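Open the model in a viewer and keep the selection tool at hand.

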Amino acid sequence: MRLLFSALLLSFSAPAFAFPEMVRHHYVNCNACHVNPSGGGLLTEYGRGMSGEVLSTWHYENESLFLHGALKPEKLPSFLNVGGDVRAVQVHRESRQVREGRYILMQTALEGAATVGPVSAVASYFAPDRKNHVHGELGRFYLLGNVTDAFQLKAGRFLPAFGIADPHHILSTRQSLGFGYGSNRDAAEAHYSGEQWHGALGVSRSRLDSALRQKEESVSFQLEKFFSDSYRVGVSAWRGETEQMRRWLWSLHGILGFTEHSYLLSETTWQNRQSKTPGSAWEMGIFHFSRVGYEFFQGFHLTALGDISETNISQPDSLTVMAGGGPIWYPRPHLEFELVFTQRKILRQSREWEDYAYLMLHYYL
Amino acid sequence: MKTLFVLSLALSLSTVTQAAVPLKNQPGSGKVEFLAVGRPSMLKIHGNAAGPEAALTAAGHQLKGAIEFSLDKLDTGISLRNEHMKEKYLQVKEHPKAKLTLVDAPVDPSFEKDLSNASEKSFRGKLSLHGKEKEVSGTYTAKGGVVQAKFPITLSDFGIDVPKYLGITVADTVNVDVELPLRKE
């Protein structure tokens, strides 16, 4: 049981958040609203403005600013940008054998950026442990150099761009592939964020104390094309190698804003991995999720989610299927609520469906 | 007498071919769209307005006349952005309308029959915007009475300040698309 909740904790803990579905408002590149060109985390001045104007149901003037505007931006040094996130979830799981719930503090990060000329230094601090206690710890940190309006270089500890940077680390395309909680890596990456294309090329190395528990050296590549300014379609590739294994990841994804209210996010990743033990065969796994959403009124969405993964297609019991959905509500800037009900089947554990639901609260400074 | 008859016929046919054909769009039909790009991040700002009013004529292998629309109808999808655009930059209270007067917009000889051109054509016109008039040029197509024109404008040419908001600066060049379903009056 403890193991199960550890897995839940890992699945839910989110080092960053992003709203890729904002592509429906023609935000094709993440760095309009986030300092990080891969999205998530610290907001830009524009991103804060949009969190009130576009994301939330209600807002008053300057409410979306740091500390709800209580601290006027002019009181802060102009080179400094400060933010932070607190994210917590109540999880419920029920099957014939078990009925249980748990509160998990997923994220408690204070994040800041200091910008001098074209270079920004970004770092986040504080993190919860598995007993929901907050302690001091450097999370993501990096130096970001804006070579031109469209070209950026980044070096430090972060997760390189791969697939959709979705904040739902419960998705098989995230945690199952090593892109969830605690997966920040020592990395360097180049980004091109143009009018029609986004591209990223990076090298990285995971750490023994990361969730991956291995030192994986990797090269990653992502290329995305924008269509009609509200459709973003991309491919990603990843080549990783540890002492014990090597793997290739190939991914296709689409972030499609059909209208200003409706959207679809979909990603399929194929993993080929092989143990370095002589004679070992390649194993292929498939990981897929799709989420459709509709914004009924500003800030209130209903979503439906489907997720299916088979970590090794030659072993049928490696199949996990999850389907469900629920509302997401951004009532005011700084606040996000998400309620999700799903049915889930993990063949390795049971052949029966189980209820799996969570209520997530996210507060950002 | 025979020569006189042929001459009269030729003159009357010539008059028929060169007669101006007045064209209008139905009230409320058609649209004007613009695309502006904000940097950094290449943010795409789409604005649109329904119901431009066209008063055109097709005559002498040319499309002539003017198209105008109320700038107050422009919508970018974000209310605060609309407010900034209209009040601070376009200053629509002082300059409520934009007007494109065609200077050189050639049409196919058969245009008057089905309001279509066989291929895309170039055009020139004078755009009156924000109290200034400047020549603009672009391309347009016409098919079954639906005219679609596109042309770039330079904001600074019209005395419009380059829009800036929360760290995003809009490029000086903005692309404009006009769609007009025309019919013969």
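Which residue in β7(B) does Lys99(B) stand opposite? Select Ser128(B), which is the residue facing Lys99(B). This is a predicted model, in which local features need pLDDT of at least 70, side-chain atom pairs count only at pLDDT 80 or more, and totals for chains, interfaces and linings use all residues. Residues are numbered from 1 along each chain as its sequence is written, while chains are lettered from A and ligands numbered from 1 in the order in which they are written.

Now show β6 (97–104) and β7 (121–129) of chain B, an antiparallel pair with five bridges. Strands here are DSSP E runs of at least two residues, helices H or I runs of at least four, numbered from the N terminus; strands pair if DSSP finds at least two bridges between them.

Gly125(B) has Val136(B) in β8(B) as its bridge partner. Two residues lie between β7(B) and β8(B) in their hairpin, where His130(B) has a positive phi near 55 degrees.

Next, select the contact between the chains: 14 residues of chain B meet 20 residues of chain A, a contact being C-beta atoms, placed from the backbone, within 7 Å. On the chain B side, β2 (31–39) and β3 (43–50) each give two or more residues, and β3(B) has the largest share, three residues.

Finish at Cys33(A). Leaving out residues up to four places away in sequence, Cys33(A) touches Tyr27(A), Leu43(A), Thr44(A), Tyr46(A), Gly47(A) and Met50(A).

How values were computed: Contact = placed C-beta atoms within 7 Å.
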